[in-house]
Each structure stands twice: as C-alpha cells, then as structure tokens.
Amino acid sequence: MKTIIVAVFQAFFFVNVFIQQGNCDVFFKRHTPKNTKILGFSWENCGKPADPAVLKSLDLSPDPIGIPGDVTASAAGTTTVGLVAPLSLNVTLEKEVAGFWVKVPCVEELGSCHYPDGCQLLDMLIPPGQDCPEPLHTYGIPCHCPFKAGDYSLPKSDFYLPNVDLPYWLTNGNYKVEGVLGSNGQELGCLKVALSLHSN
C-alpha cells in the first residue's frame, strides 16, 4: 500500500494554506493569542458517488488540540485517478454567528476562496527541492504533484503545530469548511470539516 494519502492532502490543504496565510502581514488588525485550541474536530465526505478521491478514515488526537502543540494523526483513503496539475480547490468557510451560519468571504486568498492550482500552492508552501516536512520525509511520502492513483495510508504519526498569528476574525467560534477538489471541470472529491477555535 502506498504511503501518501490524497484525501489527507484534501483535508489538510486548507489548514496548510490557512497557517501560511495567517503568518503573512495581509491584515491590518491582528490578535496574537498565547494559546489556541481546536475542539470537536469532525469530518465527512460530501462528494458524488462517482467521485474518484474518497477519504476512508481520519483520526486526530488529542481533543482539544493545542496550538502550539503536538497532534497525532492517522488516515486512509483512495483515488482511482492520478492527481496532476492543475488541481483546482474550491473552499467554502462558514462561521456560526448568533445561531446562523455565515459565509466568510475570500480576503487576501483566505476564507471562501477558489484556488486555481493546489499543486502550485503546495510548491509555495514547500519549495521544490526542499525535503518534505516530517513525518512525510521519514516515510518517503511525496509532498508535490503528481500523486499516483491507488490506495493510500498514513500511519499513526506525530506532528508539531507551531504558534500562528491568526487574523482577528478567525480566533474564537464554530466553523465549517467544505473543500471540493477538481481537475478540468470534473469534481474529484469533496470533504467537509467542522471544528471550534478558542483562543486566550
């Protein structure tokens, strides 16, 4: 079984972009919390029955997850087609406000945004020629396109989440994120994630 999981790429792609953008000086107002916690993380597939990329399992611990702090993750999934550039990603981010879910607009490529090529963004996060971050490097898991078709698994692995300078409007509250992965106008997979953020 191959040891990279395309579905995890889809699940964590938004998180990686979120962290990367959160470290950039693109917002006039900032809030730098001493500690941020992610609570109640859950996920579900939201794609069509014929979608080729499907997440089969994703386990994260502990709950809550502290930032900065360590997180343990394991996952499994499959794709029946190869994933090659350009890979589009449509992200819809919603925040609960007074009992209603409100769509967060796309501001400086953060929020409910369309990314024309996720492969290019991966190259921005991890420059080509640079070793993939741990534990991907240890397991020999690639972190750049293309990703071959097949069954994928990520063994139980430990990650360190660094402190993040979050935009002020993404500090506290309940959030829902939907990511739709596509290529040449065809939907490849869809994943929904729900979580709560609490900072102090």
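User: Which loop holds V104?

Analyst: This is a predicted model. Strand β7 covers 100-103 and β8 covers 114-115. V104 lies in the loop between β7 and β8.

User: Is V104 buried or exposed?

Analyst: Buried means under 20% relative accessible area. V104 has 10% relative accessibility, so V104 counts as buried.

User: In what sense do β6 and β7 pair, and over how many bridges?

Analyst: Strand β6 spans residues 88-97. V97 has F100 in β7 as its bridge partner. The hairpin has 2 residues between the strands, and A98 takes a positive phi near 55° there. The pairing is antiparallel, over 4 bridges.

User: What sits over the ring of W101, and how far from its centre?

Analyst: A charge counts as over a ring if NZ of Lys or CZ of Arg is within 6 Å of the centre and within 35 degrees of the normal. The charged end of K176 sits over the W101 ring, and its distance from the centre is 4.4 Å.

User: How many disulfides are there, and in what pattern?

Analyst: A search of the whole structure gives 4 disulfides. Bonded cysteines are counted along the chain, and the pattern is 1-8, 2-3, 4-7, 5-6.

User: How many residues apart in sequence are the parts tied by C46 and C190?

Analyst: The sulfur atoms of C46 and C190 are 1.9 Å apart, forming a disulfide. C46 lies in the loop between β2 and β3, and C190 in strand β12, so the pair ties parts whose separation in sequence is 144 residues.

User: What is the handedness of the C46 and C190 disulfide?

Analyst: The torsion about the S-S bond is about -85°. Therefore the C46 and C190 disulfide is left-handed.

User: In the disulfide of C106 and C113, which cysteine is buried?

Analyst: The sulfur atoms of C106 and C113 are 2.1 Å apart. C106 is partly exposed, with a relative accessible area of 39%. At 5% relative accessibility, the buried one is C113.

User: What parts does the disulfide of C132 and C143 tie together?

Analyst: The link of C132 and C143 is left-handed, with -90° about the S-S bond. The pair ties parts 11 residues apart in sequence. C132 lies in the loop between α2 and α3, and C143 in the loop between α3 and β9.

Technical notes. Residues are numbered from 1 along each chain as its sequence is written. This is a predicted model: local features need pLDDT of at least 70, side-chain atom pairs count only at pLDDT 80 or more; totals for chains, interfaces and linings use all residues. Side-chain values use heavy atoms; hydrogens and water are left out. Buried means under 20% relative accessible area, exposed over 50%, partly exposed in between (1.4 Å probe, protein chains only). Two strands pair if DSSP finds at least two bridges between them. A disulfide is a pair of cysteine sulfur atoms within 2.5 Å.
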